[in-house]
Amino acid sequence: MTSASKRTSVIWYGGDYNPEQWPEEIWDEDVRLMQQGGISLVSLGIFSWAKLEPREGEFDFGWLDRIVEKLHASGVRIDLATATASPPPWLSHNYPEVLPVTGDGVRLQVGSRQQYCPSSPVFRRLAARLVGKLAERYGHHPALELWHVGNEYGCHVSHCYCSVSADAFRDWLRARYTTIDELNASWGTAFWSQQYQSFDEVFPPSTAPTFRNPGQLLDFDRFSSDELLECYRNEVAVLRAATPDIPITTNFMGFFDRAADYWKWAKEVDVVSDDSYPDPSDPDSASLAAMTRDLMRSLRGGQPWLLMEQAPSAVNWRSINAAKRPGQMRALSYQAVARGADGILFFQWRQSVVGSEKFHSGMVPHAGTNSRVWREIEQLGAELSALGDLAGTRVEASVAIVLDWDSWWSLKQGALPAQLSYLDAVQSWYRELWRRTVTVDFVPSTGDLSAYSLVIVPSLFVASADALANLAEYAESGGNLVATYQTGITDERTHITAGGYLGRLQATLGVWVEEFAPFSGPAGQPTPSGVLRGLPSGPADATIWAEYIHAPDAEVIATFGPGALDGWPAITRRAHGDGAAWYVGTQLTGSGLRDLLDRVLGEAAVVGVLATPVDGVEAVRRAGRLFLISHRDDLVTVDGVALEGRGVHIGES
């Protein structure tokens, strides 16, 4: 994570430390408790702009100097934030045009956080000035481990529709299309009399009478991701110039669907870091958290990453904030380590007593150190200190799932055949693989697939010619490819794919799709299921989606049951050498998904870490270590190893 001269073999342990919220007499106790708890790294100053620059151009670093020295003296390393995540009130008071505007035309105000327009040159100028001061003062401090730029970009303001953003959007479009004719062609503005005569006529897609232009919507999502990224780059440029050897990160937010294409963002960070808050009361939380860990590892090709934030127990922002059960925090922490994390950190160190996050749990809770939470924090710190030899090692996977933000954004638009959840489609495949202890990587649609025995492509709605060719070449070279419904529907311009749905993949799969037929029921009723025939376990559920599939050059594995599509293909297979290209024209659940994966994994010679998986227990290998992690409440035995409720075992693989 750091330069070779400073890199130590350690799994970092710590959290977001906000000393500015506390009187200085508390700081010595904090440092003492950090040593007691095994803390090795803290994120410092994330929300401290108003403290560092109380008035425009007047800087106060005295308090930060003092806490930096205390931490350094105690051996705690520092992930120093640029403090730009939450502008101080004076900024918007002096420059009200910095405040962002919603799609409904409402200008957001101070009193919360992230109250800035990502395109604002004023915000970027003042942010860069603050970053420069921090770099000058602390860039060569021996306690500095890495820079933490911003915080959770786009979490609250992912899109801005103000006049400044409108001008920036036009500039972005000029760079992308060069001429207005090219934009008109891409967006298909002949429809509904939308032809533009100049870029000056184009505005962000704010609230309108009915459906907006799909190309405009997708481009605005791309633009919004890029503008947030430019805010990040604006600060990074200052840090790179001043401290070229100090690594830089910003905290991602797992499967974030608003305005951040993490494939693009990951190229800009030195180490991926993530904030992860699975709901303790959700029975799917362990598999969803595992899926997030695998994504973070995948974003930079398997490079170790940091769990930058998680809650020691409850959060504060759900309608009901369930506490983590005893051992649950430890189990989820080990899950992150097993799946490639080189650091386990929390939000936050000491639980706040004021503000909107005062009921968000802390490593040092309101109850103090005579508490279950603190005892678990101490235990985990002691245990992680013995795992330093894992730092820098990687996790291998033979299965990949294609993940694509353009498709995710497009499937959230209106005027579609059905309102589908892209994340649910991805998670349905991941969950079953996780249950089987099969480790998964995520890949972009144009990424290198050659290392994988199996590639699954859920609903790649937006697929460029290059993406379709990449998938086709993988299958035709003997790989095992599974493509599902709503793949290859439009190109990157949102035009229907040339040659019909699936495009280049039609020949690879041996099928073509004539018409969509999503399941529908009476208004207000749950979407009903259809039935599949032909699978080993007998009739199976087909949910959400169906379509009229022709299979002129593919084996029909399963067909739709009674109803309008009775007898039509639902699952097909076309052999390619030692591999095969599968097409799944519905959403599988239960026995149907299990039957299909039994065969697909068998043909691809993919086996799980455990020969006989146990419900609620995950198994992962990392660098010669076997992690067995129970997410169950009861005692369970796995391959001769007894795991108490939410227990963890680490052994030789």
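Strands here are DSSP runs of E with at least two residues, and helices are runs of H or I with at least four, both numbered from the N terminus. This is a predicted model, in which local features need pLDDT of at least 70 and side-chain atom pairs count only at pLDDT 80 or more, while totals for chains, interfaces and linings use all residues. Residues are numbered from 1 along each chain as its sequence is written, and side-chain values use heavy atoms, with hydrogens and water left out. Strand 3 and strand 4 (residues 144-148) are paired in parallel through four bridges; pairing requires at least two DSSP bridges between two strands. Strand 2 (residues 41-44) is also joined to strand 3 in parallel, again by four bridges, and I78 is the bridge partner of V42.

**Burial of strand 3.** Five of the five residues of strand 3 (residues 77-81) are buried, that is, under 20% relative accessible area with a 1.4 Å probe and protein chains only. R77, D79 and A81 lie on one side, I78 and L80 on the other, and both faces are covered.

Three antiparallel strands form an open sheet in the order 22-23-26. Strand 22 (617-622) and strand 26 (648-652) are its edges, each pairing on one side only. On average, neighbouring strands are turned by 20° against each other, direction ignored. Five bridges connect strand 23 (residues 625-630) with strand 26 in the antiparallel sense; in one of these strands, strand 26, V648 is the bridge partner of I629. Helix 11 (residues 328-338) packs on this sheet and touches strand 22, strand 23 and strand 26, where contact means heavy atoms within 4.5 Å. The direction of helix 11 makes about 150° with that of strand 23; axes are lines fitted to C-alpha atoms, for helices over the stretch in contact, and angles run from 0 to 180 degrees between N-to-C directions.

**Packing of helix 10 on helix 11.** The axes of helix 10 (residues 285-298) and helix 11 are 9 Å apart, at an angle of about 30°. The two helices are therefore roughly parallel, a term for angles under 35 degrees. Helix 10 contributes S285, A286, A289, A290 and R293 to the contact, and helix 11 contributes Q328, L332, Q335 and A336.

How values were computed. Buried means under 20% relative accessible area, exposed over 50%, partly exposed in between (1.4 Å probe, protein chains only). Angles under 35 degrees count as roughly parallel, over 145 as roughly antiparallel, 65 to 115 as roughly perpendicular and the rest as oblique.
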